[in-house]
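Here is a short briefing for a first look. Start with the structure itself, then read the points below it.

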Amino acid sequence: MRLDVLSGKGQEAGSPRRWRGDQPLRRGLQAGALLAGAILLLDVGFRTAPWSEGGAVIYAGLSLALALGLSLRLWRERERAGGFRRVAQGLVILLLLAGMLNSLRLPTLALDSAGAGLAITALPTQIPLLILFLIEFSHWTLSVNRLRIHPALVFLLSFLLVVLVGTGLLLLPNATVGEISLVDALFTATSAVCVTGLIVRDTATEFTLLGQLILLFLIQVGGLGMMTFTSLFGFLFRGSFSLHNQLFLRDFINEESIGEVSATLLRVVFFTLLVEGTAAGLIFWLLDPGLRPGIAERLFFAIFHSISAFCNAGFSTLSLGLYEPGFRTQYHVHLILAVTIVLGGIGFPVVLGYYTYLRHVWTGIRKQVLGIEDYRHAPRVVNVGIRLMLYPTLILLVIGFLGYWVFEAQHTLRGVTGYGRWVTAFFGAVTPRTAGFNTVDMTGLAVPTLLLYLLLMWVGTSPASTGGGLKTSTLAVAILNLVSLAKGQDRVEVFRRQISQETIRKAFAVVLLSFLVIGAGVFLILLFEPKLTLLPVVFEVISAFSTVGLSLGVTPGLSTPAKLTLALLMFLGRVGMLTVLVALVRKARTLNYHYPEEGVFIT
């Protein structure tokens, strides 16, 4: 440590000198960003914008003040700000200045009188302010670790916060064509954040462009997780994470190495944008132009469905989903969406693990061909956890495909031949894995198919993915433990590795909790809706808890208590019951004693 003469405080050697005005400047920027967010909310969300008369002056002054504040902060931090950070902040400053000039020549920054869409001429002014608001909000979220809250509780509260914010945004007058009740807004926001897809309002006809954009934002944040989403903004404009941030974030992105937190975060986001962008481009290219004549309309359709598919959300801008007339035979689009769903639900550890493995193999082969060194065997990057995510996924896809092909031969597959039959069966095997899209009439499914769907929905996707459900690795560990018990083994072994007892205990705890929650949900729905039969209620409850979104048409007609029950099931299914228990139950102290063991008769 060395003594800072000016401030009289200790400072680490070699660290950049801090200015006394940093704190007021940072707080001023945060207040300005909060004010910008409030003005945008008023201006965009209400039919009669209170800033329509003097809006240009207000936007121009706010943009200029924030641009000057960012410039001053960037100049003061020039010694410790990285190159990328300087470029990113410089770009935001330029956007704010361009927005200021744009606002001065706008007569109004309000929505059109019908509230059907955003005023395009105002976007150059509003988008930079929105970006700055997200940046400052991200900086605030990165300081949550100072509260010393358990990561599980932070994860729980982050989803709850996004649900509440989403509910408020959907209640904005310009978000819906007509009025929407608080319960319906809460249910829709929960379904979007928990990437479920169950709806009580038609997304295509009852939500405006603004409302659909809000839903899309909630789906993207819910798929990646709010901490991942905001941490990305914080990292891009802060340039690095502190040690506390890295320790805090590694639990959210399933990264064991502290030094790889930022790299893993960037890989996850890059993979997400790559898959969503590729899927959107292919959908835009392959979709029949006659179904969406306008380029902007077709592009929005492609982007919306690619994000909804990758996040396993199941929301659609079509009233009947992909079963909409004309769209139900777009088999190329169905196939693209099915592959996107699989990539989103397979789990980021699987993708990153096999990426590392293939990169090592390619580097080794290239060095051997060039004579640099002999090929060395790849390290064990594809571990047991990754294999127990991938193999059950492939097995369930095959079971689902064959089951759908056989059971639906005389039902939804009747009259469908050739390529369309294969794609429909494959899509039918993929969509119950928490995706929620439908290319057929769900009420026309055979009973054996519905029972198969119950199993596929209950299992769901892999851990650390955008989907929900019991998870493939959980089921795999539970089955392996049953096999070891049947064989009389005293441990669980797979792929020349032994599964830890803690993992086995967690697996059976999750299985038991899922049955308890699903059973309680079925009981409550039947209590509130005594006229409903058992199978549709069980289907709806499992669809909600596993965040699937498939429906037999029961959800829109439910009463308020039943809707709230499903909303709670969606929330619990997305965050995980084990996470809820860990977050709410006080952690026991380490037990330094052992009682004598005693067996219990089990048959």
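The notes below go from the whole chain to two places in it.

This is a predicted model, where local features need pLDDT of at least 70, side-chain atom pairs count only at pLDDT 80 or more, and totals for chains, interfaces and linings use all residues. Residues are numbered from 1 along each chain as its sequence is written, and side-chain values use heavy atoms, with hydrogens and water left out.

**Whole chain**
- The chain holds 22 helices and four strands (DSSP runs: H or I of at least four residues for helices, E of at least two for strands, numbered from the N terminus).
- It has 603 residues, and 50% of them count as buried (under 20% relative accessible area, with a 1.4 Å probe and protein chains only).
- Take contacts (heavy atoms within 4.5 Å) between residues at least 6 apart in sequence: 71% of them join residues at least 24 apart.

**A buried residue**
- T272 sits in helix α11, residues 261-286.
- Its relative accessible area is 1%, so T272 is buried.
- Leaving out residues up to four places away in sequence, T272 touches Q220, L224, F310 and F348.

**A surface patch**
- L370 is in the loop between α14 (348-369) and α15 (384-407).
- L370 counts as exposed (over 50%) because its relative accessible area is 56%.
- I365, V369, L370, I372 and Y375 make up a nonpolar surface patch, with about 490 Å² of accessible area together.
- Patch residues have over 30% relative accessible area and no salt bridge, and nonpolar side chains (Val, Leu, Ile, Met, Phe, Trp, Tyr) are joined within 5 Å.
- A salt bridge is a side-chain nitrogen of Lys or Arg within 4 Å of a carboxyl oxygen of Asp or Glu.

Notes:
Patches are made of residues with over 30% relative accessible area and no salt bridge: like charges are joined within 9 Å, nonpolar side chains (Val, Leu, Ile, Met, Phe, Trp, Tyr) within 5 Å. Accessible areas come from the Shrake-Rupley method with a 1.4 Å probe; for residues, only the protein chains shown count as cover.
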